[in-house]
Amino acid sequence: METVEYLIAKDPKDGFSSDKNLFISLISSHSKISFKENKIWYESSSFDFSIEDYNVQNPSLVIFHLIIRSENDDQNFQKLRREIRKIVKAVGFEIQLIWDDVSRNRSIELYPFLYNLENKLRKLISKFMLLNVGLDWYNKTLSSKIERSNRLDSNGKTLNILYELNFDGLTRFLFDEYPFQTNLNALKDGIDKKSKSQILNLIEDFIPKNNWARYFSKFVKVDESKLKNQLNEIYKIRNKIAHNTLITNDDFSKGKKLCNEITVVIDKAITNIGIIKMENEEILSISNSAINSMNKQLKIQINEYIKLNSSFALVDKIYNSLNALGLSKSFLETASSGEY
């Protein structure tokens, strides 16, 4: 059983009364929608429904509460919902979705695919760093901006540092570009002393590249730009689920398809990690690229904290100003509860 609920509101001065029978007549004006046998029909499919009209204190609103239930995943259920939205908007109603089991169930069904892909990315990067850089790469190169306490569990044991990276941070590790060398004086000195072929190799170290291009593209033949875009699309859908935002059928089908396609690519990369050969001078650069991905995520988190802290400071300032005017704490608490 899937239930969706809407609050549908309109200003009565536009000539629409709060009579729910009139509202039903409005919906029935659609050639494919009808009401019979206590059900709402769309073409050959019927669904349970209920509708209530509310007498609200605000005289400028007519509000209907519409609930529709479907026994199964019927495509006509989605079509009915879409057509109802069109009808009520066409006559000036505001429609607000307040419960959606369809989106909820899509999120629940899609989450394991996202979980699997995100942790496959962690597996790829963890194995890559361990085999090529060493067991404690993060302890040797970790920026002081990331406090050691954030890397310890309640027993003081070191956590897998890559679990501090979200999906976006893992993607940045693969696709953020960086050069091996940045010392232009060394480049100048090298050019003066080396042959033409040696100069080309030297210049290569100063050209920014990402880790996918450097290490994985050799044995995983995919369009790099397409893969990056696919990961960005997955990240958007993942965030919708993480923040309890509406998941559409398109989101669900696209998310499932992309997760399956990308997982095949990542599995192939994991399988071939053992054949990657890394020069000694590359080790520090690759470690720093991982830490930079973490620092970018940390910077975002710090900025969010600053915004939140500023909001708290503003509330505190307002509270102090009201208190200076003689408003007691109990009055402010009562007002904030909505009892006044």
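This is a predicted model: local features need pLDDT of at least 70, side-chain atom pairs count only at pLDDT 80 or more; totals for chains, interfaces and linings use all residues.
Colleague: Is T263 buried or exposed?

Modeller: Leaving aside neighbours within four places in sequence, T263 is in contact (heavy atoms within 4.5 Å) with N116, L117 and K120. Its relative accessible area is 10%, and since buried means under 20%, exposed over 50% and partly exposed in between, with a 1.4 Å probe and protein chains only, T263 counts as buried.

Colleague: Which strands stand at the edges of the sheet?

Modeller: The open sheet has 6 strands in the order β2-β3-β4-β5-β1-β6, with antiparallel pairing, where two strands pair if DSSP finds at least two bridges between them. Strand β1, residues 2-10, pairs with β6 over 6 bridges in the antiparallel sense, and L7 stands opposite Q96 in β6. Two strands have a single partner each, so one side of each is left without a neighbour in the sheet, and these edge strands are β2 (33-36) and β6 (94-100).

Colleague: Which residues have the most contacts inside the largest nonpolar core?

Modeller: A nonpolar core is a set of buried Ala, Val, Leu, Ile, Met, Phe, Trp, Tyr and Cys residues joined through side-chain atoms within 4.5 Å, and the largest one here has 39 residues. At least two of its residues come from each of α3, α5 (167-175), α8 (211-216), α9 (224-242) and α10. Not counting residues up to four places away in sequence, L174 touches L121, L124, I125, N210, N211, W212 and F216. The residues with the most contacts inside the core are F128, L174, W212 and F216.

Colleague: Which residues are buried in helix α1?

Modeller: Helix α1 spans residues 20-28, and what covers its buried residues includes β1, β2, β4 (45-54), β5 (62-70) and α2 (75-90). The buried residues in α1 are F23, I24, L26 and I27.

How values were computed:
Residues are numbered from 1 along each chain as its sequence is written. Side-chain values use heavy atoms; hydrogens and water are left out. Helices (H or I, at least four residues) and strands (E, at least two) are DSSP runs, numbered from the N terminus.
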